[in-house]
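Here are some notes for a first reading of the model. They begin with the chain as a whole and then turn to single places in it.

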Amino acid sequence: MVGICVALIIIAAAAYRIDRLLYATHLQDVRATTYSELLEVREDFEGVLHSQSLVLRELSTFIGENPDISQRKFSERVSNIRGVDGSVRSIAAAPDMIITLVHPLEGNRGALGLDYRNNKEQFPTVKRMFESGEEMITGPVALAQGGSGLILRAPVYLPEIGAKYDVVAGKDDRLFWGVASLVLDYDQFLAKSGITEAEERYDLYIDISSQSPDDEGTFVYGNQALLEESTVQLQLDFEFEDWVLHAITKGGWPKTYPNRWMHRTTITVAGLILISTLFYVVWLSEKRKQAEAILNRGIGALSDGFVMFDEHDRLIMSNEKYREIYGFPQSLMKPGTHLRQFLNAGVKKQSKFQDRSDETVWMKHRLASYHSMLPADSEQYLSDGRVVKVSDHRLENGSYVGLRVDVTELSQAKKAAETANNAKTDFMGVLSHELRTPLTVILGVAKISQNARLMPASRKFFEAHKGGSVSPSEALALVNDVFDQLSSMMDRLIKSGEHLLFLVNEMLDVAKVESGTLVVEPTLCAVSDIVEPVMDQLRTLSHEKGLDFEVVQNADLVFADIVRSRQILFNLIGNAIKFTDVGFVRLDIRAAEGIVTFSVKDSGPGIPEDDLDSIFDVFYQVDSTATRRAGGTGMGLAIARSLAILQNGSLTVSSTVGVGTCFELSLPDST
């Protein structure tokens with residue numbers, strides 16, 4: 001009776017726990033959905049600010065190189081900066097803290113002559129900006145021309161050899177020119193960054209760890225009281241400050257979960273059934289305790305297929321799964337069938353026997369295993385390719401229990417995991433090599449730049465200057481040599497940085513593919529808009545290798561994402577050029593039955609047939625050593641096929657070893 005009472009208490013506690021788990025699961029789903037939706041908001045928010053920050057940096061660099069810039073030149077330069085769109089209300093520059101340059105001039109003349117040092121509202125932000133040496137964001141602020149704005153400011157310095165800013169010591173010996181600022185329409189910024197749409201479903205607050213919302217000039221958004229809630233938090237990636245986006249569903253997290261009464265009713269009914277079953281089992285167990293003693297031992301060892309023989313090797317019982325595993329006829333499964341009949345039928349299912357002697361040895365081994373008092377475990381490989389785990393147990397009374405588990409999928413998964421692990425190991429070797437190469441160049445050039453005075457051109461210039469007999473024209477020539485050498489070094493630095501950025505972008509694309517967040521935007525566009533930029537970039541590479549590079553275009557329009565389609569072709573043609581040493585690379589474009597096909601053919605070494613189905617897998621490489629020699633990570637084809645599928649297209653391959661390879665990208669020619 002005590003046991004039943006304890007069981008009732010456990011059932012009640014379990015029912016309550018299930019109810020709480022259902023609520024917790026629902027709440028977790030809501031939080032996960034919130035986090036997932038706000039990831040896109042964060043990406044848009046960061047993207048807008050990063051793009052406008054790049055505009056401001058580009059303008060600051062240009063002003064630093066042209067400190068005496070006129071209003072006309074200023075407006076022309078701003079008009080040509082990429083990233084300046086309709087959300088930008090104005091862009092201004094303030095040499096010596098006084099605004100003298102503004103674009104557009106019309107409607108913003110009132111800002112001319114503003115001295116930040118005399119402006120109590122804006123000077124604290126400008127002061128903090130120069131104390132930190134970083135950009136600052138202020139908003140929302142009321143604009144003189146109407147509406148609210150978000151102001152991005154950046155300090156402008158004149159370039160000077162040897163000048164630098166020491167963040168630790170707070171020492172800044174760069175030549176200060178003034179301030180550059182960019183004003184964004186606040187409402188358009190919120191809409192463009194996704195905040196406005198997100199506010200319809202969530203309460204949001206942006207927390208800036210280094211500032212208080214009461215500080216003058218601080219960017220403020222949302223209700224600070226949200227910090228007291230258990231919010232979903234996303235870190236915003238900005239160099240100048242640490243921002244955190246806090247979010248919670250409108251009005252707070254849900255207090256209950258959907259259909260709770262239906263679930264509670266189900267739990268109650270299940271509890272009642274369980275209680276009834278418990279009483280029945282208690283009553284039944286007393287009646288059948290002796291009859292089930294031996295049977296319970298056999299069932300207790302049950303894993304999948306089950307069979308039991310008596311001490312005379314005759315069948316007592318078996319389950320249907322045991323018969324299915326071996327495909328035995330139903331007539332063989334009658335109680336009393338001898339063990340040898342099963343062995344004779346089972347030997348025909350094995351895949352490893354070459355002759356009769358092998359069958360005889362196996363039969364003796366199995367009989368010895370059955371008659372042994374020690375448990376025996378082994379694996380059987382059946383002729384149809386399945387793998388069965390065999391576990392034999394001899395009981396105390398001499399009867400025998402056999403368990404059979406079909407582990408075919410597990411065995412295949414193990415082999416697949418080992419293959420994937422080897423592929424990932426090879427991939428990491430290639431990736432580490434690819435990342436190390438540009439990093440080595442970047443670090444090498446940086447270290448040389450630290451000792452620019454020791455460069456041959458610099459030493460030659462200093463020696464001529466020390467002699468005192470150098471003419472102005474000779475001095476100018478020596479200085480040009482110095483700058484030429486520095487320019488050459490910077491060119492290597494830029495190329496290595498661009499290569500490193502390419503590798504990082506490939507890894508990011510793979511991450512987006514695996515997470516399902518990779519997005520394409522197909523439009524009806526000209527085929528030449530996709531193909532020509534790719535040809536211009538790769539024609540030089542094919543010429544350097546002495547390959548015939550031909551493009552045959554018999555299609556005009558295609559419905560595709562221009563940028564992503566270029567990425568696919570750049571990967572396919574680039575691979576063809578890299579792995580082809582002699583012969584040709586050809587791009588054949590044709591349209592038929594609503595499909596535009598881009599065929600990239602080469603006369604390279606070809607791809608083995610066994611590898612054709614795997615080359616589009618992430619981390620898979622046909623030959624990691626060849627990939628390392630030619631350059632690249634082996635991720636490109638996986639990304640390319642995913643991009644093709646996202647555009648309602650396909651990417652296939654055919655190849656003959658020693659003859660060449662053909663990749664075919666198929667895209668629709670209309671929506």
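1. The model is predicted. Of its 671 residues, 38% count as buried.

2. The protein chain holds 17 helices and 23 strands. How many of the contacts between residues at least 6 apart in sequence join residues at least 24 apart? The share in the protein chain is 63%.

3. Helix 14 covers residues 527–544 and helix 15 covers residues 562–579. Their axes are 9 Å apart, and the two helices pack at an angle of about 25 degrees. Angles under 35 degrees count as roughly parallel, and helix 14 and helix 15 are therefore roughly parallel to each other. The crossing in which helix 14 passes helix 15 is right-handed.

4. Which residues make this contact? From helix 14 come Asp529, Ile530, Val531, Pro533, Val534, Met535, Gln537, Leu538, Leu541 and Ser542. Helix 15 contributes Ile562, Ser565, Arg566, Leu569, Phe570, Ile573, Gly574 and Ile577. By type, the residues in the contact of helix 14 with helix 15 are twelve nonpolar, four polar and two charged.

5. The loop between strand 1 (88–95) and strand 2 holds aspartate 96, and methionine 97 is also found in the loop between strand 1 and strand 2. Aspartate 96 is not a glycine, yet its phi is positive, at about 55 degrees. Methionine 97, not a glycine either, has a positive phi of about 75 degrees. Are these residues buried or exposed? Aspartate 96 has a relative accessible area of 43%, so it is partly exposed. For methionine 97 the value is 7%, so this residue is buried; the cut-off for buried is under 20%.

6. The bond joins histidine 103 and proline 104, with omega about 0 degrees. Proline 104 is placed in the loop between strand 2 (101–103) and helix 3 (123–132).

7. Serine 87 belongs to the loop between helix 2 (71–79) and strand 1. With 5% relative accessibility, serine 87 counts as buried. What does serine 87 touch, leaving aside residues up to four places away in sequence? The residues are Val183, Leu184, Asp185, Gln188 and Lys192.

8. Methionine 317 is in strand 13, residues 315–318. Its relative accessible area is 31%, so methionine 317 is partly exposed. Phenylalanine 306 is eleven residues away from methionine 317 along the chain, and the C-alpha atoms of the two are separated by 8.3 Å.

9. Proline 456 is in helix 12, which spans residues 456–467. Exposed means over 50% relative accessible area; at 51%, proline 456 therefore counts as exposed. Proline 456 and aspartate 481 are 25 residues apart in sequence, and from C-alpha to C-alpha they are 9.4 Å apart in space.

Technical notes
Residues are numbered from 1 along each chain as its sequence is written. This is a predicted model: local features need pLDDT of at least 70, side-chain atom pairs count only at pLDDT 80 or more; totals for chains, interfaces and linings use all residues. Side-chain values use heavy atoms; hydrogens and water are left out. Axes are lines fitted to C-alpha atoms, for helices over the stretch in contact, and angles run from 0 to 180 degrees between N-to-C directions. Helices (H or I, at least four residues) and strands (E, at least two) are DSSP runs, numbered from the N terminus. Angles under 35 degrees count as roughly parallel, over 145 as roughly antiparallel, 65 to 115 as roughly perpendicular and the rest as oblique. A crossing is left-handed if the near helix is turned anticlockwise from the far one by less than a right angle, and right-handed if clockwise. Contact means heavy atoms within 4.5 Å. Ala, Val, Leu, Ile, Met, Phe, Trp, Tyr, Cys and Pro count as nonpolar, Asp, Glu, Lys and Arg as charged, and the others, Gly among them, as polar. Buried means under 20% relative accessible area, exposed over 50%, partly exposed in between (1.4 Å probe, protein chains only).
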